[in-house]
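Please open the model in the viewer and keep a residue selection tool at hand.

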Amino acid sequence: MLTTVVGSYPSLPQDPKSIGSKISNFLGSYDPYIPALEIAVKDQVNARVDIISDGQVRGDMIEVFARNIHGMAVVENTPKILGKIKPAVNSSGTHDLKLAIKTAHKISKDFLNSFKTDSKLFDGNDLNKNFKGVKGIITGPTTLVLASRVEGYYNRDKKEKIIADMAIALKKEAYELQEAGAAVIQIDEPYLSTGVADIKTAKNALKMITDSLDVPVSLHVCGDVGDVLKDILKFSVQIIDCEFAGIPNNIQSLEQEYNDSKKIGFGCIDTKVEGVDELNDVVKLIKKGVDIIGEENMMVDPDCGMRMLSRDTALLKLKKMTEAVGWL
Ligand SMILES: [Zn+2]
């Protein structure tokens, strides 16, 4: 069974250590997030995770995009929409994605060989059990708009138009991540489970993004998805990714709504608590999921991003997850 992560990893920017990096620092070209990314990649590869992320080490899932997309800005820690939203000139994530791929290849022959043989996540209709890769991650248009304060150009009561423009901006980013070598594109839309998002608008916006992509797309929605699972299972993506460890209700919702139309990213590690999950509990939970959706439709991951945990805990949790998969 394939293993993956949702995205963020607790790896902090690093002071320059080598003479080379100290010189770069002196010249103003040192990037403290690069060693942070390398640590995140190393830990994920060492925990034997199949589809890893770049660790999203540069900051918050909203701000990283708000700083870059035309028409947005971060003012006193608040993401704002100040003008007409247009695609960013430069991608937010392709540089880090390429670096993560390179780092994973250096550490692991499995990653390198998977790339050389050009293997794909899907083997026909089933998930390819031998797949390794790095995912490209974007924050979804609905979440980006609803998490920002609208202060210019748009009528703040007409979110549909803003979300559609945001989708056009993110479509370019997603396409660039694909071209940079992303094995999967993941779209994070935590706002879809909160009750404040219009699901039809969200669906149309996501379709605008996914229409131009050839790689599989995973939609991550955290929280209790009881009210929306039926709808999001109809979105134009191949994988729906939710929390099942921290939110037991989601298991019942899956049981009621699952219809074989999508693969499921099955969150099986609680990312809200520092305590490391018990192996038995994780194995039991995964087995419950398998009974509902079938092994061929399932990949497992932690419930959500791991930014809030300590690095030691995050690594132990990832190892527990891959160990649990080994016990199946
Ligand atoms: Zn999440």
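Angles between axes under 35 degrees count as roughly parallel, over 145 as roughly antiparallel, 65 to 115 as roughly perpendicular, and the rest as oblique. The axes themselves are lines fitted to C-alpha atoms, for helices over the stretch in contact, and the angles run from 0 to 180 degrees between N-to-C directions. The model is predicted: local features need pLDDT of at least 70 and side-chain atom pairs count only at pLDDT 80 or more, whereas totals for chains, interfaces and linings use all residues. Residue numbers start from 1 along each chain as its sequence is written. Helices (H or I, at least four residues) and strands (E, at least two) are DSSP runs numbered from the N terminus.

**First selection: residues 33-46 and 94-107**

These are helix 2 and helix 4, whose axes come within 9 Å and cross at roughly 50°. The two helices are therefore oblique to each other. To display the contact (C-beta atoms, placed from the backbone, within 7 Å), select Ile 34, Leu 37, Glu 38, Val 41, Lys 42 and Val 45 on helix 2, with Asp 96, Leu 99, Ala 100, Thr 103, Ala 104 and Ile 107 on helix 4.

Helix 8 contributes Thr 201, Ala 205, Met 208 and Ile 209 to the contact, and the residues from helix 7 include Ile 163, Ala 167 and Lys 171.

An open sheet of 3 strands runs in the order 3-4-8 with mixed pairing; two strands pair if DSSP finds at least two bridges between them. Strand 3 (70-75) and strand 8 (149-150) are the edge strands, each pairing on one side only. Strand 4 (residues 78-86) pairs with strand 8 in the parallel sense over 2 bridges, and Lys 80 stands opposite Arg 149 in strand 8. Helix 7 packs on this sheet, where it touches strand 4 and strand 8, and its direction makes about 80° with that of strand 4.

Is strand 13 mostly covered or mostly uncovered? Strand 13 is mostly covered, with 5 of its 5 residues buried (20 or more other C-beta atoms within 10 Å of the residue's own, C-beta atoms being placed from the backbone). Strand 1 (residues 2-3) pairs with strand 13 in the parallel sense over 2 bridges, with Thr 3 opposite Val 300. Strand 12 (residues 263-269) also pairs with strand 13 in the parallel sense, over 5 bridges; there, Met 299 is the bridge partner of Gly 265.

Key: Two residues are in contact if their C-beta atoms, placed from the backbone, lie within 7 Å. A residue is buried if 20 or more other C-beta atoms lie within 10 Å of its own, exposed if 12 or fewer, and partly exposed in between; C-beta atoms are placed from the backbone.
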